[in-house]
Each structure stands twice: as C-alpha cells, then as structure tokens.
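I opened this notebook to record what I looked up in one structure. The entries follow the order in which I turned to each site.

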Amino acid sequence: LLTLCFMNAFAQRSCGSLEPLKKNDPVLSEKLEAQEAEIQNWILSHGNEKTRSIITIPVVVHVVHNGEPVGTGTNIGDPQIYSQLAIMNEMFRLKNTDTLPGTHPFGPLQADCQIEFCLAQQDEFGNPTTGIERINGGQSDWTRAQLEATLQPATIWNRDLYLNLWTAKFGGSNSGLTGYGQMPSAGPATTDGVVISYSGFGNVGNVLPPFQYGKSCAHDIGHWLGLHHISFGTMYCEDLVADTPPAMYQNYGCPAFPHNPNNSCGAGANGEMFMNYMDYVDDACMVMFTHGQAARMNAVLGTVRSSLLTSPGCSATTTSVNDHAGSGGIVIYPNPSSGEFQVQSSKFKVSSLDIYDVYGKLVYEKTANSNQVRVNLAGAKGVYLLRINNNTSITKPIVIQ
Ligand code: ZN
Ligand code: CA
C-alpha cells in the first residue's frame, strides 16, 4: 500500500499522442500544410466561437477488459462512463466548477467551446445502442502498438460519424501512459479516436489520483480536434494558437502561478498557462481551454471532421436492424452540400419539406408528393434542420457550405 501511495504521489501525466511534425514526411507534410491552411481560413472567416451554434458529437465508449465482472478493475461500470460524459459536457462548455476567477490574469481567456457530447443512441447501421461496448480483449494490459495494430481497428465505429473512446489498462513500455488521441489526418481511419487509461476516466468508480477528475479526456479529445500541446512537442514555444502564452516545456504536478514568468519563449510576466487542458499537469490543476483553442477545435469540426455535424448518432431510432439507408430510410445527398441536395425516402412519400435555421426560423418550404425531392437553398450557409413530413415528421441536420 505504501508503495502504491508513493507511486501515485509522483505519477506524472504521460501523453502518447503523436504530434505530426511536418518535416519528417514530405507527403504528409503537404497534406498537413493544406489542412492547416484550411483550419486557419475557417478561423478567419468564422471568427469568435460564440457566434456559432452548439455542436453535439456522438460518442461510443469501448471498455476493454479481461473478463472481470462489470464494475471491477478494467471493466469499469456504467456510472464511471456517465461521469466522464458529464465532465466532458462541463469542460467543453465552461461549466466546470474549478474555473479561474475572472480576476485571474488568464481568467478572461477561458472559453466556452460550444461543443457537447452524447452517448450514441444509434450505431452506424441505425440500430439502437447504449453507446457503451464491452470488449473482452483477452489480456490484462496493452501497449499502444498492440491497441493500434489489432484492438482499435477491430472495434472502431465509423470515425466520420462517432468519436470513438476506448478505455484500457496500459502495460509494458506504456504502463505509465495516461492516454492518447489521434490528431486529424495524423494516422489511419482504423485508429482515429482517443484511448484513455481506465483509471483516468470519469471521477467515480475505479479512478486513481492524480488523474481522478476526468480531465484526460479534455486533453486527448483536444488532440483529436486538432490541438497541440501548449509547448508542441519538440517545436517548443508554439502551439499555433495565439492566446496561449508561449511555453518552453511541459509542466507537471501543480505549479504555482505565475510559472516561468518571462521565459525565453516570450511568455511575459504571467508566465506559462500550465492550467490549460493541453499541458501535462495533474487533473486537480487543469481547468481551461482558451478562445483560440476553441476556435481551432471548431475549425476542425467545420472542415476535416465536418461529417460529424450530420451524424445521426445522437438520435434515438426505432428502425429495424440492418436499415442501411440510415434511420427512417431517409437519405440526404450530398450532405454537406452547397445548398442543392436531394432527399430520398425508401419508406414513404414525402408530402412536404421545411427547413429551419438553428434559431428555429423557417427559411424554406416545399410541398411534394414524391419519394425523391430536390432542394435548392441558394445563399444559405451553416447548420440547418430539415423537417421531412408525411403523416409524421422526421428532422435531420443538414450542413450548407
Ligand atoms: Zn497530449
Ligand atoms: Ca500559443
């Protein structure tokens, strides 16, 4: 017990995310440069994240265990999973109770990222689900290489429609790992999600200090949404976000403010923003994303990960198994579109269509009596809700670019 306490007291965050360094791979370099330009353009044209509507990302949690009863060891219980989703919805909406006071020099930089999460209500084939998958992996612990080679590809749900979260016990050379997230375009589609140590997931159940408050998910989902570490790996000082002060190295434990004031990166008198989710401090001390980070994550959701905006994953479904046309037999294509798209129904004739903006204002209506309806919503831009009417109504999100 003494050994365990000793180890916990000195456990440091260890993130396995690989930050793609452009210089190492010329092909990836070109792709990442184009992607970065797209992200920066999106930020320039969309501005402050407060002008955007809230995005809800469907989540599937894959619990990787070794045959323990539910709630025991790595087979973490449902309450631990629910606690993590609740914490995510606090952290990405600035609803956490441990935010910096407004009088703190970094207080005004804290951002509501306008991103929320749901446990998936329907799987990628339109079947009802709890959003929780329990997988007996047949071994007690895992290296990142093992997870990426076999387990993640075998269990991932369509990464274009879901955030895949895995919980597992890290072992071998990765026994000290807290988690890792795959940055956009930085790896194959078969591993494109986030893996978190089972003992650093949520804030109840089998959690262990100093990662017992569910903060690792903010850090690694941050990576998955395009955020770099505050000090960006080996390219110290720069994280491609303007309002995070330049940091020299990762910070651990719980530093006192101000930390590394006037560092040689040019941080100024307030020093480094160690309390940011993208640093390496303990759960008790990381409390914030900045407005710049929020804009960057929203830019990734507006570009390279935009297919998530129209995922039906958060909607309950009553359709039968193997309804490959999607929920309700409705297909909308293309989606996202430039304003011109088709609505096709395999189960009923559409009597009429209405389209509403995110404030609920009617922007388009069309009467029809057909299984296939063409829509031309010229001049629109953003996320809208399409209501498809026959005897009842089905509402689907659409994106116009
Ligand atoms: Zn990291
Ligand atoms: Ca910065």
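I began with histidine 229, which counts as buried because its relative accessibility is 2% (buried means under 20% relative accessible area, exposed over 50%, partly exposed in between, with a 1.4 Å probe and protein chains only). This is a predicted model, in which local features need pLDDT of at least 70, side-chain atom pairs count only at pLDDT 80 or more, and totals for chains, interfaces and linings use all residues. Residues are numbered from 1 along each chain as its sequence is written, chains are lettered from A and ligands numbered from 1 in the order in which they are written, and side-chain values use heavy atoms, with hydrogens and water left out.

I asked which residues coordinate the zinc ion (ligand 1). I found Cys15 (SG), His219 (NE2), His223 (NE2) and His229 (NE2), at 1.9 to 2.1 Å; donors are N, O and S atoms within 2.8 Å of the metal (3.2 Å for Na, K and Ca), and sites may look incomplete since water is not among the atoms. The site is tetrahedral, with angles of 96 to 122° among its four donor atoms (four donors count as tetrahedral if all angles lie between 85 and 135 degrees). I noted the donor spacing in sequence as C-x203-H-x3-H-x5-H. Cysteine 15, in the loop between helix H1 (2-10) and helix H2 (26-46), and histidine 229, in the loop between H5 and helix H6 (291-302), are 214 residues apart and link distant parts of the chain. Helices (H or I, at least four residues) and strands (E, at least two) are DSSP runs, numbered from the N terminus. Cysteine 15 is also buried, at 14% relative accessibility.

Beyond its neighbours within four places in sequence, serine 216 contacts Arg13, Thr178, Ile196, Gly200, Phe211 and Asp283 (contact means heavy atoms within 4.5 Å).

I recorded a cis peptide bond between proline 209 and proline 210, with omega about 5°; proline 210 sits in the loop between strand E6 (194-197) and H5. A cis peptide bond also joins phenylalanine 257 and proline 258, with omega about -10°. Asparagine 260 has a positive phi, near 55°, and lies in the loop between H5 and H6. I noted these sites because most residues other than glycine have a negative phi, and most peptide bonds are trans. Asparagine 260 is partly exposed, at 33% relative accessibility.

Methods. Tetrahedral: all angles 85-135°; square planar, octahedral: opposite > 155°, others 65-115°.
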